[in-house]
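Here's a quick tour of some charge pairs, done as questions and answers. Have the viewer open while you read.

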Amino acid sequence: MANRRPPARYLVLLAVLGSVSVLFAQVTPGTVPLTRAQRAYLDEIGPVTMCVDPDWMPFEYIHPDGSFSGIAADLVDLVARRLDTTFSVVPTADWAQTLAFSQEGRCLVIPFLNRTPQREEWLSFTEPLLVDSNVFISREEHPFVGNPADLVGATLVLPEGTSIEEFVRRDYPNITVMTTPTEREAFEMVTRREADLTLRSLIIAAWTIRSEGFFNLKIAGRIPEYDNHLRMGVLHREPLLREILDLAITDITPMERQEIVNRHVYIQIVESTNYRLIIGIGILASLVIAATLWVNQRLRRLSSDRLRL
C-alpha cells in the first residue's frame, strides 16, 4: 500500500511546532518559559553575582557566616526558582562599598534599590520587586507633617547613600539634611533630639521601632511621591539579564510578596473611621423610615375613610 502524503495544513502545523520546539527550551515545573538563547545565556554566566546592603534589616542582612537573609533575600529566592538559576553574593563592608563595587563591575546586579537619575548612569532597572511607603518618623510631641515645604529649618537625618537624600535635597531645600552611617543611628538621633525627623521605609520603621524599643517615636506623615519602588539594578552591559529577570519578577504574585513581608514584620494599617459618612447614612435611613411611616399612616386613613363611606 502506498504511503499517503499528509495534507498541506498538517505539514504547516508540524513546521510551526518544530519551530516552537527549537525556539523554547524545556520548561521545568514552577519556572517561567525561556528561549534557548536566554537559557544558554544564564547557564553561561553561571551564578548571577550581586552586591547587597549587608546591614539593612529586615530587607537585607549578611550574617557572620556569610549567609544572606531578609525580605530581599526571600524575593531573590523566588526569582532564582522561577528561572532555575542561582545567585551569589559578592561580600561588601557597607552600602557605600556595595555601590562602588557595582560601578566597578564587580557584580552584575544590586537586587533591591530605588531607581534614581544618578544610579541610571550605570544601571538598568527591572520592574519593582516590592513597593513600600516612605514615612516621616518623629518624637511623640512633633506635629503631623502635612506639607514638607512647611518644615523650614527642620533637621532630617538619613543613612548615607540613600535615594531619599537625593530627592529631599533636590525638592526641599528648606530642610537641613544630616547623614549617618546606619539606619539605627538615624532613629537614635531623632530619639536623642539631635534631629527632628527621619524619612524611612514604613517596613523599616515598623521593624526598627519594635526591635529597638524606640517607643517614643511615631509616624508623623508621608510623601506619596517618594514611595519606594524597590527594583533590581543590572549593569548596562547586560541588557539580556535585565530582560530575563523581569520575566520572573512579573510572575511573582501580590500574595507571595505579602506573605514574605509578613514573615519578617507584620504591618496592619487601620483606616480612620469616616464619621461624616456614618452620620450621612444615619440621616438618610431616618428620612426613609419617617417617609415609610407617613405613607403607612396615610394609607390607613384612606382605608378608614372608605369604610365610613
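Predicted model: local features only at pLDDT ≥ 70, side-chain atom pairs only at ≥ 80, totals over all residues.

Residues are numbered from 1 along each chain as its sequence is written, and side-chain values use heavy atoms, with hydrogens and water left out.

Q: How many salt bridges does a search of the whole structure find?
A: To count, a side-chain nitrogen of Lys or Arg has to sit within 4 Å of a carboxyl oxygen of Asp or Glu. Run over the whole structure, the search gives 20.

Q: Is arginine 39 buried or exposed?
A: Arginine 39 pairs with aspartate 43 in a salt bridge, with the closest N and O atoms 3.6 Å apart. Both belong to helix α2 (residues 36-45), 4 residues apart, so about one helical turn separates them; helices here are DSSP runs of H or I, at least four residues, numbered from the N terminus. Buried means under 20% relative accessible area, exposed over 50%, partly exposed in between (1.4 Å probe, protein chains only). Aspartate 43, at 53%, is exposed, whereas arginine 39, at 18%, is buried.

Q: How far apart are the closest N and O atoms of arginine 106 and glutamate 104?
A: Arginine 106 is partly exposed at 48% relative accessibility. Its salt bridge with glutamate 104 has its closest N and O atoms apart by 2.8 Å.

Q: Which residues are linked in a network with Arg192 and Glu194?
A: Arginine 192 and glutamate 194 form a salt bridge at 2.9 Å. Their relative accessibilities are 42% for arginine 192 and 40% for glutamate 194. The network of salt bridges also links Arg184, Glu188 and Glu212.

Technical notes. Helix = DSSP H or I, 4+ residues; strand = E, 2+ residues; numbered from the N terminus.
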